[in-house]
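Please examine the structure shown below, and then follow the explanation that comes after it.

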2 protein chains.
Amino acid sequence: MTGNEGKVTLVSAGPGDLDLLTLKAAKVLASADVVLLDDLVNPEIVTLAPQARVIRVGKRGGCRSTPQAFIERLMQRYARRGSHVVRVKGGDALLFGRAGEELAALRHAGVTVEIVNGVSSAFAAAAGLGVSLTHRDHCQGVIFVTAHLRDHSEPDWQALAATGMTLAIYMGMSRIESLCATLVGALPTATPAAVVQWAGSANERRVTGTLGTIAAHARAAGLGSPAIILVGNAIGEAASFAISPASFGVNSREAGVEHLRRRA
Amino acid sequence: MTGNEGKVTLVSAGPGDLDLLTLKAAKVLASADVVLLDDLVNPEIVTLAPQARVIRVGKRGGCRSTPQAFIERLMQRYARRGSHVVRVKGGDALLFGRAGEELAALRHAGVTVEIVNGVSSAFAAAAGLGVSLTHRDHCQGVIFVTAHLRDHSEPDWQALAATGMTLAIYMGMSRIESLCATLVGALPTATPAAVVQWAGSANERRVTGTLGTIAAHARAAGLGSPAIILVGNAIGEAASFAISPASFGVNSREAGVEHLRRRA
């Protein structure tokens, strides 16, 4: 691009599998001059922008802990030079991940910004389990909540549980034991639960159980971040519950082949 | 396909714009033998499956009120004949829309079923407004809830409001006045709110306001179903609030061009 026609596009990379990008995201990447990449994004996404300069700005990536203000200045600088800057974020850019702050900063700086949606990890987790997030026999909706709060406090788990909705908990693996223990105060111990690590990617691994067992099962299976924790009766419709109601299973998918490894 | 290799793929059509389909959805449609189409899906999606037999099964479509059991039998019949049946649902198939029942029926019948995720309308609505659903200055998450319950009861709006999360209300336009009035019992009247009709499609129209004004504004602008109602302080970050804090605006996008029509 030339002149002052620079802009920033926030592109949602989806949960990992490049096939889960939208057609629009692929088109935008193909027209990018500069790509800013978060660390949880599948690094192979850069193959869709072979002409672009790629800058990794992940919080735990190679340049560890790129300050948010620096990322925002970087986007503004390239856009002002007339570049089409594509800021790639995992999942859907508008769910967690500080898009709100970046949008505000860009808008404040007078930079044109567009947004391309994508598939958030909890949807991919549900797809891996073969279950609707909102089976109408069980609930009226789903709550997407982060366990990782700015002030290191906790969400009001009991208030969330009291709504009767499916809970899709992001960034909760470091405190899965305590959050499940708190939820047990408001939900039956037997409430179905699942953990899906790397949902929607080739490395996806899943564990199913109950609110009372899922933390131990996930630890035993070696699951850690990034993972989605799903809780609610709708999750009990997952195929793995039908296969193995009294035990639990670890599932993974690689190159489209499903392996089921059961444990007693 | 031949022999007994039939299967059903639940494909998420996203919010309308065909460019918001995933690459995977486009590939699956290209391999479909039979396509079952819901009524809220962009009918042009059939151009991605030119070889397929298309059956419209929308609840308010041409064949009005196709019974759910008939749809499920139809999918099973074609799959058993060896066809690749692609069941297309608007938004993400795993959020509302009875995917849970269809998955259970197919699983019970021993039919192989796969799921392809997509972009749900509330994400597209947020993108249209230029706002994160979960700006971390304002909330810890977002609740996706349907106002259209099976037993014609209402969700517990006050319990939902009490969580402090952004509310993304699906299928609420027929009762927007009453649900806003109920929410005002638990949230300040000045809480930012928006209605986005046909989010993520060429016909998208948006109205912004507050919990106290949004119902009247949406009616005055002639907005109806299908629409997403968004409520919460995170929604107040929308560009239209910055443009016009004291009034309200109706926005639409057609072919990528944004028109802003302001009212006093």
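The side chain of K89(A) makes a polar contact, at 3.2 Å, with the side chain of E102(A). A polar contact is a pair of N or O atoms within 3.5 Å; within protein, one must be able to donate a hydrogen and the other to accept it, and residues adjacent in sequence count only if both atoms are side-chain atoms. The model is a predicted one, in which local features need pLDDT of at least 70 and side-chain atom pairs count only at pLDDT 80 or more, while totals for chains, interfaces and linings use all residues. Residues are numbered from 1 along each chain as its sequence is written, chains are lettered from A and ligands numbered from 1 in the order in which they are written, and side-chain values use heavy atoms, with hydrogens and water left out.

K89(A) belongs to strand β4 of chain A, residues 84–89. Helices (H or I, at least four residues) and strands (E, at least two) are DSSP runs, numbered from the N terminus. With a relative accessible area of 4%, K89(A) is buried; buried means under 20% relative accessible area, exposed over 50%, and partly exposed in between (1.4 Å probe, protein chains only). Beyond four places in sequence, the residues in contact with K89(A) include A13(A), D38(A) and R98(A), where contact means heavy atoms within 4.5 Å.

A13(A) lies in the loop between β1 (7–12) and α1 (23–30) of chain A, and at 4% relative accessibility this residue is buried. Among the residues that A13(A) touches, leaving out those up to four places away in sequence, are L21(A), V41(A) and K89(A).

Which residues have the most contacts inside the largest nonpolar core? They are L36(A), F144(A), L36(B) and F144(B), in a core of 83 residues. A nonpolar core is a set of buried Ala, Val, Leu, Ile, Met, Phe, Trp, Tyr and Cys residues joined through side-chain atoms within 4.5 Å. Apart from it lies another core, of 54 residues, among them A147(A) and I143(B).

In chain B, helix α6 (residues 176–183) has I176(B), L179(B), C180(B) and L183(B) buried. These residues cover an arc of only 100° around the axis, so they are on the same side of α6(B); the arc is that of the directions from the helix axis to the C-beta atoms. An α-helix has 3.6 residues a turn, so residues three or four places apart point the same way. The elements covering the buried residues of α6(B) include β7 (166–170) and β10 (227–231) of chain B.
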